[in-house]
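Reader: I have this one open on my screen. Walk me through it, please.

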Amino acid sequence: MMKVHWNQKELNPLLLKAAILCYGLRPNNYSLELCDRYNPTNVLRTGNIGVHIKFNGLVVNASMQVSYVKDQPNNNFSSPFELKKVASMHEEVWVLCAGKHELISVELLEPPSWYTQKTSSNMQMCNVFLSEGENNLMGALPYDCKYIASGKACQYCVFDGSKLNAVPKDYAETIFEAYKNNSCCTATITGGNTFSRDRGLKRYFPYLQEISAMISPIAGGIGCFPLQVECSPPQDTNYLQDAVDQGVNSFSINFELFGITYRERILPAKSKIPDSDYINAWRYVTSIFGAGSVSSAIIFGIEPKENTIEGARWLISEGVRPNVIPLKHMLESDLGNFEIPDFADYYDTCLQISEEMQKQEFPKRFQLGCSTCGGCNLEGDDFQVLGEML
């Protein structure tokens with residue numbers, strides 16, 4: 001683990017972001033205030049988000065377990081970072097601190113105005129979609145995952161869509177309100193996996209149809225709103241085309257880990273999907289929308305970083321945008337007590353991947369949902385502009 005004295009007056013902002021993404025925020029006297037701000041309904045969250053901050057132009061979704069649920073023990077006590085309110089002239093500002101040292105003032109990204117609104121079925125909109133970063137919405141379908149039901153869940157996952165009772169219209173109405181509030185917003189929809197030929201993609205279709213019917217008239221037509229689906233690769237690419245016909249213009253088809261032994265151990269069911277199905281799905285999407293229109297999450301910190309770098313190079317060569325996310329320590333998962341990823345290794349890995357994207361002239365596209373939000377990853381940030389400050 002790289003030793004960094006966080007009291008330095010000049011910090012490399014990207015290295016600091018890398019450390020926050022790996023460690024998250026420790027709880028303090030301001031945690032419940034932040035929890036009420038970002039999770040007003042106190043619903044258990046299983047994703048990467050927590051407290052949304054911005055500094056030096058960088059958006060950071062800093063995980064803080066208390067932001068997901070207030071009355072359970074959290075896993076961020078080992079973090080050196082916390083947010084505090086500090087009096088400054090005639091106002092109070094939020095400051096990122098490490099121990100006794102005030103590192104940098106941050107902007108809290110306020111939840112959107114629609115967050116506390118309700119749908120026509122009386123569903124709180126922030127329980128249908130989470131607001132991530134500055135512009136992206138993230139929502140999970142109300143289905144259980146067959147991998148979990150069969151006892152072969154991905155070991156870092158605690159997804160349980162069965163807890164949500166939302167219907168397709170709830171998703172459409174929430175996106176509609178979000179778009180009226182911010183025409184730059186994007187949306188990503190995820191859900192559990194199945195063992196069927198479509199691998200769960202067909203379950204999205206009623207929701208996509210409802211969303212397209214409501215959003216298309218104000219967005220400029222079907223396919224004009226940046227709508228991303230996160231799914232496993234179907235055995236038949238016709239299912240992907242069906243999703244495209246219903247307004248999807250970006251996919252997140254996640255490979256996650258690259259070493260065979262790691263895939264088999266961490267992804268006991270998902271690792272059984274042939275690599276050829278991923279390649280066929282990626283190539284099908286890029287043949288329609290071009291390179292960068294499909295992404296793959298990469299979980300950093302489980303396997304050697306050399307695997308991650310080589311895997312990312314493979315993805316980039318296929319036109320797939322890597323989305324490198326450090327392992328989050330959700331206590332409910334099988335990897336809840338796994339070692340915290342080395343933030344310096346994470347920084348260096350993302351730097352190398354960023355350089356590879358530039359080398360291969362990979363297109364920069366900023367309205368493609370979760371993968372280009374930037375709040376949970378690093379490789380999309382501009383290392384050259386921010387430079388080295390250590």
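**Salt bridges, sheet and a loop**

Reader: Lys84 first: buried, exposed or partly exposed?
Author: Lys84 is partly exposed, because its relative accessible area is 27%. Buried means under 20% relative accessible area, exposed over 50%, and partly exposed in between (1.4 Å probe, protein chains only).

Reader: Where do these values come from?
Author: This is a predicted model: local features need pLDDT of at least 70, side-chain atom pairs count only at pLDDT 80 or more, and totals for chains, interfaces and linings use all residues. Residues are numbered from 1 along each chain as its sequence is written, and side-chain values use heavy atoms, with hydrogens and water left out.

Reader: What does Lys84 form a salt bridge with?
Author: With Glu82, the closest N and O atoms being 3.9 Å apart. A salt bridge here is a side-chain nitrogen of Lys or Arg within 4 Å of a carboxyl oxygen of Asp or Glu. Glu82 counts as buried because its relative accessibility is 11%.

Reader: How many salt bridges by that rule?
Author: The count comes to 17. One of the pairs is Arg37 with Glu110, at 2.6 Å from N to O. That pair links distant parts of the chain, 73 residues apart: Arg37 is in helix H2 (residues 31–38), Glu110 in the loop between E5 and E6. Helices (H or I, at least four residues) and strands (E, at least two) are DSSP runs, numbered from the N terminus.

Reader: Which residues are linked in a network with those two?
Author: Glu33, Arg37, Lys85, Glu92 and Glu110 are linked in a network of salt bridges.

Reader: Now the sheet. What is the strand order?
Author: E2-E1-E5-E4-E3, an open sheet of five strands with antiparallel pairing. Strand E2 (58–62) and strand E3 (81–88) are the edges, each pairing on one side only. Two strands pair if DSSP finds at least two bridges between them.

Reader: How many bridges join E4 to E5?
Author: Five, with E4 covering residues 91–98. Leu96 stands opposite Ile104 in E5.

Reader: Last one, Thr119. Where does it lie?
Author: In the loop between strand E5 (101–108) and strand E6 (130–132). Thr119 counts as buried because its relative accessibility is 6%.

Reader: What is Thr119 in contact with?
Author: Leaving aside neighbours within four places in sequence, Thr119 is in contact with Met125, Asp170, Glu173 and Thr174. Contact means heavy atoms within 4.5 Å.
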